[in-house]
Amino acid sequence: MCHRTMKLLAAAAALLLTTAARAAEPPRKTPELMEKGKASFNVNCASCHGARGEGDGVAAAALNPKPRNFTTDQLKNGAKVGQVFETLGKGMQGTAMIAFTHLPEDERWALAYYVVDLRAKSPKAKKK
């Protein structure tokens, strides 16, 4: 491999690392972001997790294991917004929870904030 090709590869790798580091930074929580998260939840999540995130969506009865109840269950990978964002990007192996990488990053952040907010507003949540 020539010196120039190696330099180009190194620059590309540095750019990828910088982009990955930036992607881990959550955006600022705003009312607009929360509205976007709610709309995305209704389209992408409510059929399994239910409109209030209680794991009682119309598809829940057909799933094994059952969808997580955000208001009472601990979240397997953590309940911080970054942890929920990561779960949305990877899915949950052994469940019907797919990776939502088809959604733009900003929408996944909005969704993560909305799920955390659903949990925070529930007096029944087992917080950990």
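This is a predicted model: local features need pLDDT of at least 70, side-chain atom pairs count only at pLDDT 80 or more; totals for chains, interfaces and linings use all residues.
A search of the whole structure finds 5 salt bridges. One of them pairs K29 with D117, whose closest N and O atoms are 3.5 Å apart. K29 belongs to the loop between α1 (3-23) and α2 (31-44), while D117 belongs to helix α5 (residues 105-121), so this contact ties together parts that are 88 residues apart in sequence.

D117 and K121 are separated by about one helical turn, because they stand 4 residues apart in helix α5. K121 is exposed, at a relative accessible area of 64%. Through shared partners, the salt bridges join K29, D117 and K121 into one network.

Another of the salt bridges links R52 and E54, with 3.4 Å between the closest N and O atoms. R52 is exposed, its relative accessible area being 54%. E54 is partly exposed, at 23% relative accessibility.

Attention now turns to helix α4, which spans residues 81-90 and has V81, V84, F85, T87 and L88 as its buried residues. When the helix is viewed down its axis, the buried residues of α4 fall within an arc of 160°, so they line one face of the helix. Just after α4 comes G91, which takes a positive phi of about 75°.

The cysteines remain to be considered. A disulfide is a covalent bond between the sulfur atoms of two cysteines. How many disulfides does a search of the whole structure find? The search finds 0. C45 is in no disulfide, and the nearest cysteine sulfur to that of C45 belongs to C48, 8.4 Å away. Seen from C48, the closest cysteine sulfur is that of C45, and the separation of 8.4 Å is too far for a bond. The cut-off that applies here is 2.5 Å, because a disulfide is taken to be a pair of cysteine sulfur atoms within that distance.

Methods: Residues are numbered from 1 along each chain as its sequence is written. Side-chain values use heavy atoms; hydrogens and water are left out. Buried means under 20% relative accessible area, exposed over 50%, partly exposed in between (1.4 Å probe, protein chains only). Helices (H or I, at least four residues) and strands (E, at least two) are DSSP runs, numbered from the N terminus. The arc is that of the directions from the helix axis to the C-beta atoms. A salt bridge is a side-chain nitrogen of Lys or Arg within 4 Å of a carboxyl oxygen of Asp or Glu.
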